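Hi,

Here is the structure I promised to pass on. Have a look at it first, and then read my notes below.

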Amino acid sequence: MRGRKCCRLFPSLLVVLFVVFIQSAHKQAAAEEDAGDKSYYDILGVERDADDKEIRKAFKKLALLHHPDKNMDDPDASEKFIKINRAYEVLKDAETKKKYDLYGEEGLKEDHGRGRRYESWSFYKYDFGIYDDDPEVITLSQGDFEYQVYDSTDVWFINMYSPRCSHCHDLAPTWREVARELEGVIRIGAVNCGEEWYFCRTRGLTGYPTLNIHVPGKKPEKYTGSKTRADLIEFALKYISASYRVLTSHNYNAVFNDPKHRGKPWVVILCDIDEECLSQTSVKKLAAWMDNVANIGFVACESQATFCTHRFGYTSGTVYYPDGFVVPAYGDVISSLDAREIANIILKKLPDIALLSVEQFNVCDEIVIVLTFCYTNKYTPLKNRTG
């Protein structure tokens, strides 16, 4: 009887000893770190909450400085660089980063070889990430893609590339120009398939670079046209929701009396064949930047000279009507053919946002509550009630 009880206790004792062993191992790892071993975050010089872009930027800086190709007189250069490379390889991956954060090196036993292989110095200089240092182009990891693109209400134009692809490098200057031209209109992104190879493979890519437009609620559409700046911009602008109104003598009254256009300034672009004016692409970009801020109208004055003179007082140029009322020769003429500059000028002309005091805010808050109550309970304001 006593022997059988001992047999039942023996497995429980093994479990206790195993737990004690694991706890002591964790304490030993922590003690070693406290004694002077740098954490992977310290090696890269980043905070523990650093994002992917910060980790990549820190690693690239260290790689260019400490790579063995640039430190041939140091016999320990390779081992030093392997430590830096391992820190990056662990922290760039969400799963291994999580293991490291929870258990330190003990959690990475299955990945003990990670980081021992590295590329040449020229790779980190020229091919590591083509768009990593570009503020206009957003470099996306798989995780970024899932919550910034899939769950976004914005239109994205994304370049999925390989750093070893010569065509991808050839496209890079044009892609940067597109990003600068469309800043504030749509989001321009890039996925480095050399780093995100698994994600890119699951996307079924057949070559690089692959350019896809992502519109909320729709399947991505692949761009197959010419990779010139003008063609890329024209393609992308087809997918933005902002629009402008082409004004004629026939629709003028209907457009300006439309309730959805009331209460906002008007910006009217008047085009005459004898004068320079904004291109259709520039007008659409301006409409996107001014969406919900001002109404945008376009008039072809070369065929409607009398209409332009009678209604607007001008036959060419960009005219800003701050009150939304179009009076001949009354608006502010903006002498620029650059859509971004025009948008900036208009934004400066808009009235300043009024700052409410606490008392004013409370009054507004009470009004909102009353109106909400009336709406939900089918009441009408007293001044409008007939019974």
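Let's start with strand β4, residues 210-214: five of its five residues are buried, so the strand is largely enclosed by the rest of the structure. Keep in mind that this is a predicted model.

How does that look on the two sides of β4? Both faces are covered. Thr-210, Asn-212 and His-214 are buried on one side, and Leu-211 and Ile-213 are buried on the other. That pattern is handy to know: in a regular strand, side chains alternate between the two faces of the sheet.

Now for the partners of β4. Strand β2 (residues 156-161) pairs with β4 in the antiparallel sense, over five bridges. If you want a spot to look at, Met-160 stands opposite Thr-210. Strand β5 (residues 221-222) also runs antiparallel to β4, joined to it by two bridges, and here Ile-213 stands opposite Glu-221. The hairpin of β4 and β5 has six residues between the strands, and Gly-217 in that hairpin takes a positive phi near 80°.

There is also an open sheet of five strands, with mixed pairing and the order β6-β8-β7-β9-β10. β6 (245-246) and β10 (332-334) stand at the edges with a single partner strand each, so one side of each has no neighbour in the sheet. The partner β9 (residues 317-321) runs antiparallel to β10, with three bridges between them, and Val-319 stands opposite Val-333. Helix α12 (residues 280-289) packs on this sheet and touches β7 (266-271) and β8 (295-300). The direction of α12 makes about 160° with that of β8.

Cheers

Conventions:
Residues are numbered from 1 along each chain as its sequence is written. This is a predicted model: local features need pLDDT of at least 70, side-chain atom pairs count only at pLDDT 80 or more; totals for chains, interfaces and linings use all residues. Side-chain values use heavy atoms; hydrogens and water are left out. Buried means under 20% relative accessible area, exposed over 50%, partly exposed in between (1.4 Å probe, protein chains only). Helices (H or I, at least four residues) and strands (E, at least two) are DSSP runs, numbered from the N terminus. Two strands pair if DSSP finds at least two bridges between them. Contact means heavy atoms within 4.5 Å. Axes are lines fitted to C-alpha atoms, for helices over the stretch in contact, and angles run from 0 to 180 degrees between N-to-C directions.
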